[in-house]
Amino acid sequence: MKRIRLAAPLLLLLAACPRLDPMWDQPKVKAYQASPHYPDGLAMRAPPAGTVPHRPPVQPALATGRGPDGVPLAVSPLPPSAEVLARGRAKFDVHCAVCHGVLGDGESQLALNMSLRKPPSLHAYREVADGYIYQVITEGFGLMPSYAAELTVQERWAVVAYVRALQLSQNARLEQLPPEARERLDQETR
């Protein structure tokens with residue numbers, strides 16, 4: 001009886017080991033490997049005729065932020081609107097402002113406590129392409145991790161639009177404002 005008590009946990013442990021699972025070592029082909037089973041030598045097969053996707057495919061430029069030449073897109077493929085900016089602000093406040101600050105200037109309580117390196121001010125990246133900012137959000141950069149798992153493609157582009165709005169708002173000159181906004185500011189300062 002004592003041997004059974006000792007052997008039971010060992011058998012359970014061995015049963016959980018994937019290398020002992022006969023399904024692990026079965027003959028199979030992996031999608032991106034060559035296969036001798038098909039005349040074209042490719043393991044990945046085209047979907048059968050009449051297959052209906054469960055959602056429309058995401059365009060490569062939209063998903064990667066890069067054009068067909070691999071260069072970051074100069075302008076976001078997601079047109080800015082009040083809704084896009086509101087969504088971008090909401091996501092920026094949750095995921096980005098913790099490190100980059102609510103104004104995107106790199107000033108936050110967390111940044112003050114970072115010992116290795118402070119997050120950069122996003123205003124220093126006013127001249128980069130929209131696709132570059134999207135790539136940094138998607139793939140991460142330096143100490144910043146990827147946010148692809150936390151933000152959908154559309155949410156990442158919305159954050160790019162909001163970052164552009166922050167850059168514009170924090171670096172606008174008085175003469176760039178419309179006359180009615182300039183007049184309102186003049187009245188507020190009096």
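Which helices are included in what covers the buried residues of α6? Helices α2 (60–64) and α7 (153–171) are among them. The views below start with the whole chain and then turn to single sites.

**Figure 1. Overview of the predicted chain, an all-numbered model with eight helices and zero strands.** The model is predicted: local features need pLDDT of at least 70, side-chain atom pairs count only at pLDDT 80 or more, and totals for chains, interfaces and linings use all residues. Residues are numbered from 1 along each chain as its sequence is written, and side-chain values use heavy atoms, with hydrogens and water left out. From the N terminus the elements run α-α-α-α-α-α-α-α. The radius of gyration is 26 Å, well over the 16 Å that the globule rule gives for 190 residues, so the chain is more spread out than a compact globule. That radius is taken over C-alpha atoms, and the rule is 2.2 Å times the number of residues to the power 0.38. The C-alpha trace spans about 90 × 55 × 30 Å along its principal axes. Helices are DSSP runs (H or I, at least four residues), as are strands (E, at least two), numbered from the N terminus.

**Figure 2. Surface and contacts of the chain.** Buried residues make up 24% of the 190 residues. Buried means under 20% relative accessible area, exposed over 50%, and partly exposed in between (1.4 Å probe, protein chains only). The chain exposes about 14,100 Å², and carbon and sulfur atoms supply 62% of that area. Areas come from the Shrake-Rupley method with a 1.4 Å probe; for residues, only the protein chains shown count as cover. Among contacts between residues at least 6 apart in sequence, 50% join residues at least 24 apart. A contact means heavy atoms within 4.5 Å.

**Figure 3. Helix α6 and its cover.** Eight of the 10 residues of α6 are buried, so the helix is largely enclosed by the rest of the structure. The buried set includes Asp130, Ile133, Tyr134 and Val136. Gly140 follows α6 and has a positive phi, near 85 degrees.

**Figure 4. Gln135 in helix α6 (residues 130–139).** Gln135 counts as buried, at 10% relative accessibility. The Gln135 side chain makes a polar contact with the side chain of Arg66 (3.3 Å). A polar contact is a pair of N or O atoms within 3.5 Å; within protein, one must be able to donate a hydrogen and the other to accept it, and residues adjacent in sequence count only if both atoms are side-chain atoms. Beyond neighbours within four places in sequence, Gln135 is in contact with Thr64, Gly65, Arg66, Pro72 and Gly140.

**Figure 5. Arg164 in helix α7.** A polar atom of the Arg164 side chain lies 3.4 Å from the backbone oxygen of Tyr125. Leaving aside neighbours within four places in sequence, contacts of Arg164 include Asp130 and Ile133.

**Figure 6. Two loop residues, Ser81 and Leu42.** Ser81 is found in the loop between α2 and α3 (82–95). Ser81 is partly exposed, with a relative accessible area of 32%. Ser81 and Ala161 are 80 residues apart in sequence, yet 8.9 Å apart C-alpha to C-alpha. Leu42 lies in the loop between α1 (2–15) and α2. Leu42 is partly exposed, at 49% relative accessibility. Leu42 touches Gln33 and Ser35, not counting residues up to four places away in sequence.
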